[in-house]
Amino acid sequence: MDLHDFYYDLPEELIAQDPLSDRSSSRLMLLDKNTGEIEHRIFHDIVDFLNSGDCLVINDTKVIPARLIGEKIDTGAAIEVLLLQRKNDLKDTWEVLVKPGKKAKIGAKISFGEGMLVGEVIDIVDEGNRLIQFKYNGIFEEILDQLGQMPLPPYITHKLEDKNRYQTVYARHEGSAAAPTAGLHFTKELLERIEAKGVDIARVTLHVGLGTFRPVKVENILEHHMHSEFYMVNQEAADKINKARANGGRIIAVGTTSTRTLESVAAEDGTIKACSGWTQIFIYPGYKFKAIDCLITNFHLPESTLVMLVSALAGRENVLNAYETAVQEKYRFFSFGDAMFIHG
């Protein structure tokens, strides 16, 4: 399979720059994965397409305000730091992305918020990322909340006025550098209506890394190296998913992150065990899904691993036809854009 097999032409003006005032008023495209048939609805209509006995699986990761703007202590040069992953074996140390990297040699010290937070580069690791050890007074998360900005994807150029709009209403466990964006369409009221219909809601956690935005740079997609992300599935979630499957209900993943979590942990018969770990699962056409039946997702970047994942579920031709239709119908694309429900 070639990278270009997953290309579609997207006019730049269809990239959503701002979230809608009402989360659940996004458009919703219904795509039958078996026939390729398409319908157009509004997201809050999703309730009509969920059945009693189904299990909706959501990713309750929470995005941290991981983008810090600071200055190098000896020269005053501006430096941007993006927190990627906390290193649990080293106190107050994070793997980070630094811009410009040439100013962040080992030993360099960077001040944030006029010294509220000071970081020292202690190592250079894979792909030029740095390890930075921080010093501060107080609670790190509170300082980060005060100084940090949401790490919006590179294709969003507008300033986000409300940090919470790049966060799902059910976000709980801090650790993501990007939002699980399919979940941004849900409101608390909508989730209550779904539960009232007899649909179980299972929470899993996958901390989304910036690798989700990393372009595929190889022509043969099988040579692509997937990034690694941490997941957690507790006993309650496993029980809900297994019960729905045993009783003939559908497992409906909200987002590619929930999908990757479930497909990483599922046994051959689709049952789920409580566990945690790291996944590098790469799902592309030809993959046989074990855990999920349906998927709620946004519209993804051309030639991305996410387009490959939805193509594995619904068929490449069906997906590319749906994307072409979405362009013609002027759907809004990417993180703050409209949604698709792949069913059938």
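Which residue's side chain does Thr297 join through a polar contact of 2.7 Å? It's His300, and the link runs from side chain to side chain. Keep in mind that this is a predicted model.

- You're looking at an open sheet of 9 strands with mixed pairing.
- Going across, the strands come in the order β2-β1-β17-β16-β14-β3-β12-β13-β15.
- At the edges sit β2 (38-42) and β15 (275-279), each of which pairs on one side only.
- From one strand to the next, the twist averages 25 degrees.

- Helix α3 (residues 235-246) lies across β3 (55-59), β12 (200-206), β13 and β14 (251-254).
- Relative to β12, helix α3 runs at about 130 degrees.
- Helix α6 (residues 316-328) also packs on the sheet, where it touches β1 (27-32), β2, β16 (294-298) and β17 (339-343).
- The direction of helix α6 makes about 150 degrees with that of β1.

**Back to Thr297**
- You'll find Thr297 in strand β16.
- Thr297 counts as buried because its relative accessibility is 1%, and the cut-off for buried is under 20%.
- Leaving aside residues up to four places away in sequence, Thr297 touches Ala182, Thr256, Val310, Asp338, Ala339, Met340 and Ile342.

Conventions: Residues are numbered from 1 along each chain as its sequence is written. This is a predicted model: local features need pLDDT of at least 70, side-chain atom pairs count only at pLDDT 80 or more; totals for chains, interfaces and linings use all residues. Side-chain values use heavy atoms; hydrogens and water are left out. Two strands pair if DSSP finds at least two bridges between them. Helices (H or I, at least four residues) and strands (E, at least two) are DSSP runs, numbered from the N terminus. Axes are lines fitted to C-alpha atoms, for helices over the stretch in contact, and angles run from 0 to 180 degrees between N-to-C directions. Contact means heavy atoms within 4.5 Å. Buried means under 20% relative accessible area, exposed over 50%, partly exposed in between (1.4 Å probe, protein chains only). A polar contact is a pair of N or O atoms within 3.5 Å; within protein, one must be able to donate a hydrogen and the other to accept it, and residues adjacent in sequence count only if both atoms are side-chain atoms.
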